[in-house]
Amino acid sequence: MAENQASVTEAAPAQAGEGKRTLSAWQLASYGAPAMPLSMVALPMAVYLPAVYADSEGFGLGLAFVGIVMMLSRIFDGITDPLIGFISDRIRTPWGRRKPFVVIGTPIYIAGICLLFIPPVDFEEVTLWGLTFNTGYPWMLMALVITYVGATVKDVPYSAWGGELTTNYNERTLVTSWREGFSVTGSLIGAFTPTIILFFGYDKPLDAVYFLSLAIAFMMPILVANCVISTPEHRVVEKRAERLPLKESFSYVWQNEAYRRLVIIFLFSSIGAAMTNTLSFFFVKHVLLAGDLYGLYLAPYFVSQIVAIPLWFKLSRKVGKHRATMVAIGWYAVWSCFIPLIAIAPMVWFDAFEIPKLLAFLPENAHASTVAYFEGIPTGKFLFFIVIMCLKGSSIGALSALPYAMAADVVDVDEAQTGKRQGGAYFSIWLMVRKLAYALGLLVGTNLVVIFGFDSLADPLNTTNTAFALFMLACCYSIIPAVFKFIAIPLLWNYSLTEDRVREIQAGMTAAEARAG
């Protein structure tokens with residue numbers, strides 16, 4: 001015990017100095033870069049996975065059952081997060097306590113993605129124990145479990161590591177902004193990939209996920225290796241030398257009032273995000289009748305996120321992270337209300353936005369060759385939809401980056417109470433709630449539209465879907481998710497952990513470390 005206490009007091013001055021360091025641009029970029037390939041494939045996981053497995057041009061499985069499989073895999077994924085977080089907080093290696101997990105989880109994750117989107121087997125109907133089912137369902141479940149095991153091993157310590165890179169209130173927002181910037185860049189690459197390959201004759205979701213899976217298998221090992229080498233992981237200094245039992249550790253976490261609020265906020269926000277992502281492709285294909293142009297919608301949508309991130313960061317410095325998050329929620333909700341209106345509006349209202357008319361200035365030959373790609377597709381309503389979605393999407397970066405930065409702040413409150421640095425426990429619960437909420441959103445979104453009569457395998461041009469079913473698809477895609485996000489407003493209104501309060505807590509911690517030294 002005396003040896004433990006000595007090591008703590010010797011390291012305390014070093015930690016105090018480390019907390020004041022300014023991270024270089026290279027270190028910020030190196031830490032954030034692995035988020036890029038992760039987001040390149042996170043896009044297919046979020047919006048293309050249902051289309052790949054539950055669309056007539058994919059593997060042709062049932063949408064409701066695909067939603068159940070995705071929910072079960074997400075539940076398994078969520079319950080493993082606290083275990084990895086707990087182990088990551090307590091392990092000590094010559095390479096740090098976060099880096100080994102990031103290295104181990106990366107190849108597992110890549111293997112799961114390739115099995116999921118490039119299956120080496122054909123799916124077929126089989127009968128086992130009197131039950132007839134498609135082999136695509138168990139294969140999908142197995143591949144998702146492998147993918148999520150790799151993601152948990154890698155992402156929980158990676159998130160905690162980011163929260164420990166600095167103790168500066170605004171620099172933490174900078175860390176998450178860099179990570180979110182790379183994340184959105186990866187999403188942008190993932191979004192532009194279907195657009196680019198469209199002009200080479202590859203216009204199906206299966207084509208897009210094939211190329212993206214190969215890309216992340218090449219890029220992710222390189223960027224993770226650079227991150228581990230170039231990004232510092234500061235020595236852990238804890239005023240309390242003995243280790244907390246698992247039950248007591250998570251008890252302290254849940255007693256943190258500011259953290260409880262963030263968890264509840266993120267829970268409902270993730271439910272809404274899951275519904276939007278899962279139903280996105282089906283809305284474009286069956287309501288806008290522009291499924292082949294889906295990649296063209298994703299690209300400008302994610303560009304708007306990248307452009308807006310610095311603006312939200314500036315706003316958060318002026319009014320605080322929680323106030324900026326409230327503004328982002330309001331902005332998101334306003335533009336969400338337009339989506340069902342676009343769905344029910346007659347096509348003739350959008351004739352001015354038709355691509356042949358917008359490109360009328362081109363020479364005749366160029367005009368003819370360009371518009372040939374869009375023949376038979378009502379592009380007017382689709383382009384107007386893109387404009388609305390860019391305005392709506394400009395808030396997504398804030399709704400992703402700012403809550404993560406706020407979560408890093410609440411860890412300081414816990415350290416002041418317990419003397420332990422439990423970032424792994426905090427971010428594991430954070431990710432667990434996100435994944436379980438996402439699982440619920442998947443179940444609600446995919447099954448609710450089926451209850452309303454929507455058939456994902458129907459021909460969109462000669463559809464058997466009723467007008468009511470398509471309108472409810474639009475509402476489940478936009479209005480209901482916005483309502484879920486609005487729940488955060490009263491919880492953020494009197495949020496107590498402001499910049500001044502965080503500085504006060506950190507000053508108290510620094511003083512306590514100085515006295516211990």
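Reply: Happy to, with the reminder that this is a predicted model. Let's take helix α10 and start with its handedness against one partner: α10 passes α20 in a left-handed crossing. Helix α10 covers residues 257–286 and α20 covers residues 479–486, and their axes come within 7 Å and cross at roughly 165°. Angles over 145 degrees count as roughly antiparallel, so α10 and α20 are roughly antiparallel to each other.

Now for the residues in that contact. From α10 you have Phe-268, Ser-269, Ile-271, Gly-272, Ala-273, Met-275 and Thr-276, and they meet Ile-480, Pro-481, Phe-484 and Lys-485 of α20. Sorted by class, the α10 contact with α20 has 7 nonpolar, 3 polar and 1 charged residues.

Then there's α19, residues 467–477, which packs with α10 at an angle of about 145°, the axes being 9 Å apart. The α10 and α19 crossing is left-handed. On the α10 side, Met-275, Thr-276, Leu-279, Ser-280, Phe-282, Phe-283 and His-286 take part, facing Leu-470, Leu-473, Ala-474, Cys-476 and Tyr-477 of α19. By class, that contact of α10 with α19 has 9 nonpolar and 3 polar residues, with no charged ones.

Among contacts between residues at least 6 apart in sequence, 85% join residues at least 24 apart.

Key: Residues numbered from 1 in each chain as written. Predicted model: local features only at pLDDT ≥ 70, side-chain atom pairs only at ≥ 80, totals over all residues. Heavy atoms only, no water. Axes fitted to C-alpha atoms, helices over the stretch in contact; angles between N-to-C directions. Helix = DSSP H or I, 4+ residues; strand = E, 2+ residues; numbered from the N terminus. Parallel < 35°, antiparallel > 145°, perpendicular 65-115°, else oblique. Left-handed = near helix turned anticlockwise from the far one by under 90°. Contact = heavy atoms within 4.5 Å. Nonpolar A, V, L, I, M, F, W, Y, C, P; charged D, E, K, R; others polar.
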